[in-house]
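Please look at the sequence and the structure before reading on.

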Amino acid sequence: MWEEDVRLMQEAGVNLVSLGIFSWSRIEPYEGRYEMAWLDRVMDLLHAGGIAVDLATATASPPPWLSRHHPEMLPATADGVRLWHGARQHYCPSSPVYRGASKRLVEQMATHYASHPALAMWHVGNEFGCHVPACYCDVSAEAFRRWLEARYGSIDDLNRAWGTDFWSQRYSDWGEVLPPRRTPTWPNPSQQLDFMRFSSDELLACYEIEHAVLTEHSPGVPVTTNFMRFFKPLDYWKWAEREDIVTDDVYQDPSDPEAGMRSAMAGDLMRSLGRGRPWVLMEQTSSRVNWREVNVAKAPGQMRLWSYQAVARGADGVMFFQWRQSRAGAEKFHSAMVPHGPVSSSPVWKEVKQLGQELHGLDAVCGSRVNADVAIVFDWESWWALELPSKPSIRIRQEAQLEDYYRPLFAANVIADFVRPTDDLSRYKLVLVPNLYLVGDDGAAALTSFVRNGGTLVMGFFSGIADPFEHIHLGGYPAPFADMLGLRVADWLPLADGESVEVVFADGGKGHGDLWSELIETSGAKAVASFGGGRLDRHAAVTRHEFGGGTAYYVGTRLDQASMARLLHTVWTAAGVSPQLEGPAGVEAMRRSVGRRSILFLLNHRPSAVDVPLAQAGTNLVDGSPVHAGLFRLGPYGAAVIREGW
Ligand SMILES: [Zn+2]
């Protein structure tokens, strides 16, 4: 079958294959006995067929012999339950047994394959943190203590950082400190936050061990590990700094009407994690997944459309899980590039083949960049802290907050990057801060000076509340931003499920807010909108404040979608931000640039054809056809990649 596979890959234009991701038990079937002849044959066959390999280190699923001989390397949940072998990713990230065994495997792989001509990229582990993002076992408890000692130095400083006088949690000795295991009620929030930081760092240490071996044996071969879009347990800002190329797995739910918006947002995140460098869509399905309750198939054309979307958002490669649909095992109902049935009658294979052939015409896109005038502040630590329990409202969710701000940008074809609060923001015209619950002094100073130096900023409610220890910033909410925003929040009035409050804009327009409301006392800020009726009647809901050379807006409720779109449209227009294209609804437009030359991506997310007005002529790289200024027809789920004027 392997020779047939290579022939089909050539037919579909496949030029890079991920290999060996879960093959540890095949490569090392007994401790210390390595069997690579079969893998040599696959590597040689692919190379002979002109296909390169993204070779996995195979460490994501340890073989049964390892946990049989060393059950202490198995992970434990917060309840103390051991997770056994028989699925995948059953390892304690802190385990010296796991780290040692995986390092020995990677040394064998790196020595054996470093100079193989098919090797193009190393793939460390797989989807780090998937299933087991944290381990609560005794080995992890000891590692957590060492991590805390390095962070705080003394037990007194730990007690201060965690506020342990509350509920009599004061520690007298490091040996008393535990991971936040199952407790009668909420574990200490600062302890939980530190455990999230620790758990992300422990998995990153596993990646680093492998990364060091690979770069020693094969310097210059890029190293990656595949991300999972907005994956909460890992601080991808930190991880991406250690990768040569960012790669991502995206599994849209075709039954979600906003799936296209959500994958655009993931693409923007990946481009931003790589600091603008091109990334690779490492995994997507050709049609269905197998892990939802109902696994809806992609519509004809939708896989191709979403592939082009990844490229539009900065990807220089499009890959899939899986190549040939497996006959046995947990993912046999997950679609593949090559289905169970004959390829000759498969619409999925036809679309895969078409995409592969078209992508070969897009060499001009490779290496080009996306230029954004808008930045959205997004920070993993703030996400972790925001969603800890025991808050004024646990209905405030980080991803939903981001989407509230992203949705109008996506609909209007305004490009945005994601940034950390401490990043250099000077190249942006507009910075959006949907929610930044936790912020340190440096982040607050960077955002404040962005506005002082002439920038426009929009901040959402419940921002600037806690410091990096999860202690409240005292001095009146939101203390770090009160001067910049020209206001103080005197009280929070979270809204019950189903409750909403009227919002009246200065021009008389009306909308409503839900989820959250608050009593804002302005001290320099002007109301852009006020609450109507109830306890907050005629108090400010949305404000605007001139600060230094810039302008800071504040939004004190979750506005309905139309009001949010109207507000942001006004703000970005005033800030001098232009959409990529003013076209019909449902058509996504993005540009990638090489110097002053630009490539326009047009993506029709609708199931019917649409005419898009174009100002400039060019060439459609998808099929090489000329494009004229005027109306351009895009078919149902159609895509075009237009080289503009060159
Ligand atoms: Zn552990």
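Glu11 has a relative accessibility of 28%, so this residue counts as partly exposed. The model in which this value was computed is a predicted one. Glu11 forms a salt bridge with Arg7, which is partly exposed too, with a relative accessible area of 42%. Glu11 and Arg7 are four residues apart in helix 1 (residues 2–11), so about one helical turn separates them.

The count of salt bridges comes to 47.

| Salt bridge | N to O distance |
|---|---|
| Glu11 and Arg7 | 3.1 Å |
| Arg145 and Glu142 | 2.7 Å |
| Asp253 and Arg292 | 3.8 Å |

Arg145 and Glu142 both belong to helix 6 (residues 138–152), where they are three residues apart, about one turn of the helix. Arg145 is buried at 13% relative accessibility, whereas Glu142 is partly exposed at 36%.

Elsewhere, salt bridges with shared partners link Asp256, Glu258, Arg262, Glu403, Asp404 and Arg407 into one network.

The next site holds a metal. Which atoms coordinate the zinc ion? They are the SG atoms of Cys92, Cys135 and Cys137 and the OG atom of Ser140, at 2.1 to 2.3 Å. The angles subtended by the four donor atoms are 95 to 118°, and therefore the arrangement is tetrahedral. Along the sequence, the donor residues follow the spacing C-x42-C-x1-C-x2-S. Cys137 is buried at 4% relative accessibility, and Ser140 is buried at 1%.

Asp201, in helix 8 (residues 189–217), has a relative accessible area of 18%, and because buried means under 20%, Asp201 counts as buried. Beyond its neighbours within four places in sequence, Asp201 contacts Trp147 and Lys238. Leu603 belongs to strand 22 (residues 597–604) and is buried, with a relative accessible area of 0%. Beyond the neighbours within four places in sequence, the contacts of Leu603 include Leu305, Tyr308, Val587 and Leu634.

Phe166 is in the loop between helix 7 (155–162) and helix 8, and is exposed at 58% relative accessibility.

How values were computed
Residues are numbered from 1 along each chain as its sequence is written. This is a predicted model: local features need pLDDT of at least 70, side-chain atom pairs count only at pLDDT 80 or more; totals for chains, interfaces and linings use all residues. Side-chain values use heavy atoms; hydrogens and water are left out. Donors are N, O and S atoms within 2.8 Å of the metal (3.2 Å for Na, K and Ca); water is not among the atoms, so sites may look incomplete. Four donors count as tetrahedral if all angles lie between 85 and 135 degrees; four count as square planar and six as octahedral if opposite donors are over 155 degrees apart and all others between 65 and 115; anything else is irregular. Buried means under 20% relative accessible area, exposed over 50%, partly exposed in between (1.4 Å probe, protein chains only). Helices (H or I, at least four residues) and strands (E, at least two) are DSSP runs, numbered from the N terminus. Contact means heavy atoms within 4.5 Å. A salt bridge is a side-chain nitrogen of Lys or Arg within 4 Å of a carboxyl oxygen of Asp or Glu.
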